[in-house]
Amino acid sequence: MICALGSSVCFGMASVLQALGARAATPGTGAGVDVALQMRVMRQWRYLAGLSLDGIGFGLQVVALLTLPIYVVGAALAASLAVTAVAASWLLKVRLHRMEWAAVSVVCVGLAMLALASGAEGEQSSSEALRWAMLAAAFSVLALGAAAGRLPGRPRALALGLCAGFGFGVVEVAVRLIDSWDLANPAVYALLLGGGSAYVLLTSALQRGSVTTATAGAVLGETIGPALVGVIWLGDRTREGYAWLAILGFTVAVAAALVLARFGEPPTPEPNENPAL
């Protein structure tokens with residue numbers, strides 16, 4: 001659980017820094033998914049700092065996924081929005097009102113419920129069909145993301161964020177399906193393709209639309225689906241008699257996190273401010 005919470009802290013801090021970096025980059029055409037944007041944001045130090053935190057967070061997430069049910073890790077990742085809210089109040093000088101502080105507290109309560117109710121990681125062996133299904137899902141993320149990039153305005157940000165969440169969800173499940181780095185294992189390619197696609201799509205969503213909307217979409221995409229896969233196909237369970245508490249804790253943590261989605265939104269630069277610095 002410590003690793004899951006550690007990854008949440010890293011991802012929460014990273015989202016604020018990456019949003020600042022993505023918004024400071026040259027916007028480009030404004031239509032579709034701009035793959036070249038990924039290269040432009042690499043010139044922004046804030047984005048690079050966020051990317052470094054993402055790398056640390058991912059390492060902690062992998063450890064957590066190997067020892068905890070997916071639904072617990074997914075809820076902890078959603079809770080990164082609580083970290084983002086606190087970071088935004090510090091880095092972006094955003095004032096948290098009573099409702100937001102209450103949501104931060106509720107996220108913590110939801111995670112405490114999950115920690116109390118969760119059982120061990122599922123020991124059910126994964127099938128070859130599920131590995132190939134994850135690879136197909138990773139390709140689907142690419143296709144859906146390309147279609148989402150052509151939508152207008154607010155729907156585009158939500159759709160891109162949701163597709164990015166699906167990509168991160170593929171990564172969560174793929175980690176559980178990799179018992180060794182055998183290049184014949186489709187889950188290896190699902191992890192690489194799903195993770196790479198998710199980053200490109202989320203960067204486009206952060207730069208081209210409301211960060212609040214994009215982040216909310218990503219949270220929904222990366223929590224619910226993987227949690228169901230873990231329970232149905234990988235044997236994730238709760239402690240005996242505590243299923244209700246796990247469901248309640250998961251729902252409470254994710255719902256409260258969504259209330260805090262707006263705190264990935266960077267402020268509008270002042271007219272004399274150089275965003276690349």
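These legends describe close-up views of a predicted model.

Residues are numbered from 1 along each chain as its sequence is written, and side-chain values use heavy atoms, without hydrogens or water. In this predicted model, local features need pLDDT of at least 70 and side-chain atom pairs count only at pLDDT 80 or more, while totals for chains, interfaces and linings use all residues.

**View 1. Confidence along the chain.** The mean pLDDT (the predictor's confidence in each residue, from 0 to 100) is 84 for the chain. A value of 70 or more is reached by 86% of the residues. Helix H7 (residues 128-148) has the highest confidence, at a mean of 94. Helix H2 (residues 36-41) has the lowest, at 68. Helices here are DSSP runs (H or I, at least four residues), numbered from the N terminus.

**View 2. The largest nonpolar core.** A nonpolar core is a set of buried Ala, Val, Leu, Ile, Met, Phe, Trp, Tyr and Cys residues joined through side-chain atoms within 4.5 Å. Buried means under 20% relative accessible area (1.4 Å probe, protein chains only), exposed over 50%, and partly exposed in between. The largest core has 56 residues. Tyr71, Val107 and Phe250 are among those with the most contacts inside it. Helix H4 (residues 70-78) gives the most to this core, with 8 residues. Apart from this core lies another, of 14 residues, including Cys163 and Phe168.

**View 3. Around Val107.** Contact means heavy atoms within 4.5 Å. Leaving out residues up to four places away in sequence, Val107 touches Ala79, Ala82, Ala253, Ala256, Ala257 and Leu260.

**View 4. Helix H8.** Helix H8 covers residues 153-177. The end C-alpha atoms are 37 Å apart, which agrees. Of the 25 residues in H8, 19 are buried.

**View 5. Thr215 and its surroundings.** Thr215 lies in helix H10. Its relative accessible area is 14%, so Thr215 is buried. Thr215 touches Leu81 and Ala261, not counting residues up to four places away in sequence. Thr215 and Arg262 are 47 residues apart in sequence. Their C-alpha atoms are 7.9 Å apart in space.

Definitions and conventions. Helix = DSSP H or I, 4+ residues; strand = E, 2+ residues; numbered from the N terminus. Expected span 1.5 Å × (residues − 1).
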